[in-house]
Amino acid sequence: MATRRTSPSAAKAAASPVTPLGQHRTASRRREPRNVALVLQGGGALGAYQAGVYQGLHEAGIVPNWLAGISIGAFNTALIAGNAPERRIDALREFWETISQPYLLPATTLGQEASLTGIAEEARGWLDAWEAWRAMVEGQRGFYQPRSWFGEDPFTAPGPTRASWYVTQPMVETLERMVDFDRLNDGGIRVSVGAVDVASGNLEYFDNAHMRLDARHILASGALPPAFPAVEIDGRYFWDGGLVSNTPLSQVFDSEPRQDSLVFQVDLWSAQGELPQNLLDVAEREKEIQYSSRTRTITDMQRLGQHYRRLLRELLEEIPESVRKDNPWCQRAAGLACDRRYSLIHLIYRDRARFGHFKDYQFGRVAMREHWQSGLADIGRALAHPEWLELPQGESTFVTHDATA
């Protein structure tokens, strides 16, 4: 692994309270969140939805001090953390407008995205299928291109960094051009991106609070096999973190020390869906179940765990200090107990169900702009509830608000 270190700026951001909520602040003396986290799930082309969500947060004056992402969520994370605040929306837009073009030939729409948004359902279905076919055959500009197998047999032993259908060098070049990794590592925003160690099968997080991140770490988080090859980092090989868990929510909740937190969880796959009626429906539903990663289960477990940590703290207060000081069980309990509070705003992308089983690799510009606008609209509806931005009060220490129910 890369040399582990603690970035001074990242450590400062983790240790200091933030004031990120701009116009939504009230004059009350409520506890302020020390962490404002943006958690981004994987989902390929659907990731433009996350860019729209971030635009809404940015325009509302809400500044996350912790970004956690997996797969395409890691790319969006890098673009946000690796650019100056005033440049972040432009960087996201440049990235998505770049990769929504086929690798070889011009984009299908030739700038006609607005007029094609409202076309008839059947015609739109043909357009979506055509864009997905081009993504498979041509690749996407600045993202990936088909691998040439001239003189090679992909089923023999090309090695872990060549055993894939596509070449991902364009991704590295795009990241290094659009992301300032010095800023990403020392800009005061904590960044966590998840990837799977191919040899052990374990999910690991690359975190700028403990190491210096570069383009390899972002690429590893999105290296979904067999389309993309494993990424080598210090003698180890990594694949897309979504193979184990597509939602990096636990990384934010389980990190020590625990802090009062406002968390925006942005999911691209819904665990709930309709009963499939044909083989294409089956393929789509399988992906939704696989990659939704049980966000609700995670939040339920975290809510219960925080309830018990608070209960333990209250019980310790009833034990005389003379006993707590010398009793080893009380000392262990004190290490587990806390009264931290969490407010989680959950957004799930639901608008584009008609895209079918290829919606995660349909990178056409019409779809990209629709994804982006859906994210912007959904976060706008969430921010219409300013009370959701406050930490819970009283006995409740963990609340979840479903912004897209």
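A: Let's begin with the word helix: helices (H or I, at least four residues) and strands (E, at least two) are DSSP runs, numbered from the N terminus. This is a predicted model, in which local features need pLDDT of at least 70 and side-chain atom pairs count only at pLDDT 80 or more, while totals for chains, interfaces and linings use all residues. Residues are numbered from 1 along each chain as its sequence is written, and side-chain values use heavy atoms, leaving out hydrogens and water.

Q: What about contacts, how much comes from residues 24 or more positions apart?
A: If we take the contacts (heavy atoms within 4.5 Å) with a separation of 6 or more, residues 24 or more positions apart account for 76% of them.

Q: Which residues in α4 are buried?
A: The buried residues in α4 are R88, I89, A91, L92, F95, W96, T98 and I99. The elements that cover them include α2 (48-59), α3, α7 (169-178) and α15 (365-383).

Q: Moving on, where does Y103 lie?
A: Y103 lies in the loop between α4 and α5 (113-116), and with a relative accessible area of 28% Y103 is partly exposed.

Q: What does Y103 touch?
A: Not counting residues up to four places away in sequence, Y103 touches E138, G139, Q140, R141, Y144, Q145 and P170. As for P146, the C-alpha atoms of Y103 and P146 are 9.2 Å apart in space, while the two residues are 43 residues apart in sequence.

Q: Now the backbone. What kind of peptide bond joins P225 and P226?
A: That bond is cis, with an omega of about -5°, and P226 lies in the loop between α9 (215-221) and β7 (231-233). The bond from E256 to P257 is cis as well, with omega near -5°, and P257 sits in the loop between α10 (249-254) and β9 (261-267).

Q: Why would anyone point those out?
A: Most peptide bonds are trans, and most residues other than glycine have a negative phi.

Q: Then which way does phi go at S71, positive or negative?
A: S71 is not a glycine, yet its phi is positive, about 60°. S71 is in the loop between β2 (66-70) and α3 (72-81), and at 12% relative accessibility S71 counts as buried. D234, which is not a glycine either, has a positive phi of about 55°; D234 belongs to the loop between β7 and β8 (236-240) and is partly exposed at 37%.

Q: Change of topic: how many salt bridges are there?
A: The count comes to 18 salt bridges, a salt bridge being a side-chain nitrogen of Lys or Arg within 4 Å of a carboxyl oxygen of Asp or Glu.

Q: Which residue does R212 meet in a salt bridge?
A: R212 meets D182, at 2.3 Å from N to O. This pair links distant parts of the chain, with R212 in the loop between β6 (203-207) and α9, and D182 in helix α8 (residues 181-186), 30 residues apart. R212 is partly exposed, with a relative accessible area of 35%.

Q: And where do R310 and E314 lie?
A: Both are in helix α12 (residues 295-317), 4 residues apart, which is about one turn of the helix.

Q: What does R381 pair with?
A: R381 forms a salt bridge with D378, with 2.2 Å between the closest N and O atoms. These two are 3 residues apart in helix α15, so about one helical turn separates them. R381 is partly exposed at 48%, while D378 is buried at 4%.

Q: Last one: which residues are linked in a network of salt bridges?
A: E284, R285, E288 and K359 are linked in such a network.

Technical notes
Buried means under 20% relative accessible area, exposed over 50%, partly exposed in between (1.4 Å probe, protein chains only).
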